[in-house]
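Please show me how to read the features of this model one at a time, with the general idea and then the particular case.

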Amino acid sequence: MTAPTEPTDPTQPPAAGPHAALEALRGEIGKAVVGQDAAVTGLVVALLCRGHVLLEGVPGVAKTLLIRTLAAALELETKRVQFTPDLMPSDVTGSLVYDARTAEFSFQAGPVFTNLLLADEINRTPPKTQASLLEAMEERQVTVDGLPRRLPDPFLVAATQNPIEYEGTYPLPEAQLDRFLLKLNLPLPSRDQEIDVLTRHAAGFDPRDLAAAGVRPVAGPADLAAARAEVAKVSVTADVTGYVVDLCRATRESPSLSLGASPRGATALLTTSRAWAWLSGRGYVIPDDVKALALPTLRHRVRLRPEAEMEGVTADSVITGLLARVAVPR
């Protein structure tokens, strides 16, 4: 996914409006996180679309730091939950606690009651605990003792998983994977980027002290709300809508896939394409917007056939091939 235009010079007064505020995020996050521009953009797209993100990358590529820095730059609350085999659903959602002084039960909110929830290594906890997030992600509420409790707005779940270590893990079922708007891959840094990381640490950079790194709020919930209202006005022609449908239907007919993208996947691709068009400074969607978001929006919504997987085929390669074959509207 190509990153948007570079933010303006930070020494100049920022332009007014939610677009300029969100565009400035990349520069602010860059004070703490080296590279990962595509992941930053994907997280902003998810916030604009009220969606959730699955982050996949090996340990040590700044997944936790990225979420913490994003929260600081957006002036949002963030909490982190380390998903382990002994984690219980109530450890995530909260539970009723008996108060001996009043002889009554009161609700003790869990860490899910935040703006940005980092669900670290979500596939290391059993399905029962994984499922505790389903209602929160879909309905943006938590029901305890029959009483629904609303979550803050904005609310985003950023779940991480390790792509190479599967021993002792519980793979997410398709129904839960489908709740994630995007799946973002965080690659290892280039040589120059890694040198930059080490140079910063040698100069005293502390990832636990973002304020010392100069990270400051450049946008807030009001900017997000205004941006969402503008994204909702982005127009989509019938040809582009047809292109999204044709692309998703092609995944269902691919001989390499046993499961293709559902109509929910098509809706997600249209939604993320509108957000991308707005971030690119346009009030309408073009086919290139769909192409830019096809991989992160669809890669986790398809399943490879075993024989294709044995031949080294990946979900990304299948989707890339379909992008090259499906007719693009003029």
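**Reading a predicted model**

Q: Which helices each supply at least two residues of the lining of the second largest pocket?

A: Helix H3 (37-48), helix H4 (63-74) and helix H9 (191-202) each contribute at least two lining residues, where helices (H or I, at least four residues) and strands (E, at least two) are DSSP runs numbered from the N terminus. H9 gives the most, with 4 residues. A pocket is an open set of points on a 1 Å grid over the protein atoms alone, where a 1.4 Å probe fits and protein lies on both sides within 12 Å along at least five of seven lines; its lining residues have an atom within 4 Å of a point.

Q: What is the volume of the second largest pocket, and which of its lining residues are closest to its centre?

A: The second largest pocket has a volume of about 460 Å³. Of the 24 residues in its lining, Gly 60, Val 61, Ala 62, Leu 65 and Val 197 are the closest to the centre. By class, 14 lining residues are nonpolar, 7 are polar and 3 are charged; here Ala, Val, Leu, Ile, Met, Phe, Trp, Tyr, Cys and Pro count as nonpolar, Asp, Glu, Lys and Arg as charged, and the others, Gly among them, as polar.

Q: How should I read Ala 62, and where is it found?

A: Ala 62 is found in the loop between strand E1 (53-56) and H4, and its phi is positive, about 75°, although it is not a glycine. At 26% relative accessibility, Ala 62 counts as partly exposed, buried being under 20% relative accessible area, exposed over 50% and partly exposed in between (1.4 Å probe, protein chains only). Arg 50 also takes a positive phi, near 55°; Arg 50 lies in the loop between H3 and E1, and at 41% relative accessibility it counts as partly exposed.

Q: How many of the 12 residues of H4 are buried?

A: In H4, 9 of the 12 residues are buried, so this helix is largely enclosed by the rest of the structure; among them are Lys 63, Leu 65, Leu 66, Ile 67 and Thr 69. The end C-alpha atoms of H4 are 17 Å apart, in agreement with the 16 Å that its residues should span at 1.5 Å a residue, the expected span being 1.5 Å times one less than the number of residues. Glu 75 follows H4 with a positive phi, near 55°.

Q: What covers the buried residues of H12?

A: The cover includes helix H1 (18-23), H3, strand E9 (182-185), helix H10 (221-231), helix H11 (238-253) and helix H13 (287-298). Helix H12 (residues 263-279) has 17 residues and reaches 25 Å from its first C-alpha to its last, close to the expected 24 Å. Its buried residues include Ala 268, Leu 269, Thr 272, Trp 276 and Trp 278. Thr 272 has a relative accessible area of 0%, and beyond four places in sequence it touches Val 45, Cys 49, Leu 181, Leu 182, Leu 293 and Thr 297. Just after H12, Gly 281 takes a positive phi of about 90°.

Q: Which residues does a cis peptide bond join?

A: The cis bond joins Asp 153 and Pro 154, with omega about 5°, and Pro 154 is found in the loop between strand E7 (147-150) and strand E8 (156-161).

Technical notes
Residues numbered from 1 in each chain as written. Predicted model: local features only at pLDDT ≥ 70, side-chain atom pairs only at ≥ 80, totals over all residues. Heavy atoms only, no water. Points joined across faces, edges and corners; volume = space filled by probe spheres on them. Contact = heavy atoms within 4.5 Å.
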